[in-house]
Amino acid sequence: MALPWLFEFWALPHQLPPEGAWRTWVIMGGRGAGKTRAGAEWVRAQVEGAGPKDAGRARRVALVGETIDQAREVMVMGDSGILACSPPDRRPAWEATRKRLVWPNGAVAQVFSAHEPESLRGPQFDAAWADELAKWKRAEEAWDMLQFALRLGEVPRQVVTTTPRSVPVLRAILNNPSTVLTNAPTEANRAYLAASFLEEVRARYGGTRLGRQELDGEFLEDVEGALWSHRGIDACRVTGAPKLDRVVVAVDPAVSHGRSSDACGIVVAGAVTEGPPQDWRAYVLEDATVSAARPADWAKAALAAMERHGAERLVAEVNQGGDLVESVLRQIDPMVPYRALRAGRGKAARAEPVAALYEQGRVRHLPGLAALEDEMCRMTVRGFAGGGSPDRTDALVWALTELMIRPAAAWRRPRLRGL
């Protein structure tokens, strides 16, 4: 009879509290991933003791939602809320006029609205649950007031259940050393979701920024001053490419190999180049980047990408590898159509003309480029804002330079001479 109420028996891994001396546990996941159930069960675990009347670790809990109505309908009375998760002998009573739950052992959970941060000034708690923090309108104020209120007990703790959004308060929480994170996509909880729902939303939103955020539970952070944004890239998505006039494979080679080496960026792109350059359109077809690979391995990967897409040419940056790059490629395929490219400017300067093509709506992305797109959105006018080297983005820049920028300059040159 007790088994249905033993959450640790039924819980998914991302729904169980991590070990360690954390202060804030962020449960970040896609829609329907089981975040609310995890938050409700955590509150239960804090307030319940061994018996219905025995004290638990916490006696005063703050339940903070975006509004009072949302907190009540989701956190308290929802299908995965506290009342639905509580066994009959430990189920708290809802006191509507006081906006609080009262357990048989005397523990109390008070409901608050993030729209009214000042309501958290004065009360004090030893535990808290904040739901959908990333969409609170006054998130920073409400969060700050909640931190001052968590001052009871030996180690006051709090849980945040939210769909990820790149908002300052969530970034700050995730960067705090006392925060732990669990993450899960919508599919992690598929046993409790309609199959038709998953099929429909994946078909419609799979691979988009909204899908990665709302379904995969990914935290997608746009960097200030970035040359590309996730929203801008979303606007250039297509499901397929038309007949292309040219296809190239661009390689940003890794000269060293091993776990500490950079990846070898390999990007396949094609273009329709009929008419004047302003009518040309480019399509990014595949990110075939390989990591920690030996020179022969990335060369084979690049040549395989050429064969898959029927590419006319392979281009590669040779600033670091020099003649070694061509030598490695020709050891595998002596007849490969190859062009060596030497960078005369920095990465950001090379990327700016390519970013301008995106702003003009002249580049399209096929599905399956998430890792490349994340890297692109960390390339700023001051350089790369991520860890390591932007190998995928470098390869993309070389590919689109070869397809669009270099031919456009050659197309205009004779016409300028004619003037």
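Biologist: How many cavities of 30 Å³ or more does a search of the whole structure find?

Modeller: The search finds one. This is a predicted model, and the largest cavity in it holds about 40 Å³ of space.

Biologist: What makes this space a cavity and the others pockets?

Modeller: In a cavity a 1.4 Å probe fits but cannot get out, whereas a pocket is an open set of points. The lining of the largest cavity consists of Glu48, Gly49, Gly51, Pro52, Asp54, Arg90, Trp103, Pro104 and Asn105.

Biologist: How do the residues of that lining divide into nonpolar, polar and charged?

Modeller: There are three nonpolar, three polar and three charged residues in the lining of the largest cavity. Gly counts as polar in this scheme.

Biologist: Why is glycine 51 called buried?

Modeller: Glycine 51 has a relative accessible area of 13%. Buried means under 20%, so the value of 13% makes glycine 51 buried. Glycine 51 sits in the loop between α2 and β2. Its C-alpha atom is separated by 73 Å from that of arginine 342, and the two residues are 291 residues apart along the chain.

Biologist: Which residues are the closest to the centre of the largest pocket, and how much space lies in that pocket?

Modeller: About 740 Å³ of space lies in the largest pocket. Of its 34 lining residues, Gly34, Lys35, Thr36, Arg37 and Ser80 are the closest to the centre. The elements that give two or more residues to this lining are α1 (7-10), α2 (35-47), α3 (68-76), α4 (82-85) and β7 (157-162). By class, the lining of the largest pocket has 12 nonpolar, 12 polar and 10 charged residues.

Biologist: What is known of the second largest pocket, and which element gives the largest share of its lining?

Modeller: The second largest pocket has about 520 Å³ of space. It is lined by 28 residues, and the closest to its centre are Trp42, Arg44, Ala45, Gln46 and Arg57. Two or more residues of this lining come from each of α1 and α2, and the largest share, six residues, is from α2. The lining of the second largest pocket divides into 16 nonpolar, three polar and nine charged residues.

Biologist: Is threonine 289 buried or exposed, and how do you know?

Modeller: Its relative accessible area is 15%. The cut-off for buried is under 20%, therefore threonine 289, at 15%, is buried. Threonine 289 is placed in the loop between β11 (281-287) and α10 (295-309).

Biologist: What makes the pairing of threonine 289 with aspartate 287 a polar contact?

Modeller: The two side chains make the contact at 2.5 Å, and the cut-off is within 3.5 Å for a pair of N or O atoms. A polar atom of the threonine 289 side chain also lies 3.2 Å from the backbone nitrogen of isoleucine 266. Leaving aside neighbours within four places in sequence, threonine 289 is in contact with Ala263, Cys264, Gly265, Ile266 and Arg392.

Biologist: Why are the buried residues of helix α5 said to be on the same side?

Modeller: The buried residues of α5 (residues 139-149) are Ala139, Ala142, Trp143, Met145, Leu146 and Ala149. They cover an arc of only 165 degrees around the axis, so they are on the same side of α5. What covers these residues includes β1 (24-29), β2 (60-65), β6 (127-131), β7 and α6 (168-175).

Definitions and conventions:
Residues numbered from 1 in each chain as written. Predicted model: local features only at pLDDT ≥ 70, side-chain atom pairs only at ≥ 80, totals over all residues. Heavy atoms only, no water. 1 Å grid on protein atoms, 1.4 Å probe; cavity = no way out; pocket = protein on both sides within 12 Å on 5 of 7 lines; lining within 4 Å. Points joined across faces, edges and corners; volume = space filled by probe spheres on them. Helix = DSSP H or I, 4+ residues; strand = E, 2+ residues; numbered from the N terminus. Buried < 20%, exposed > 50% of the residue type's maximum accessible area, 1.4 Å probe, protein only. Polar contact = N/O pair within 3.5 Å; in protein donor to acceptor, adjacent residues only side chain to side chain. Contact = heavy atoms within 4.5 Å. Arc of directions from axis to C-beta.
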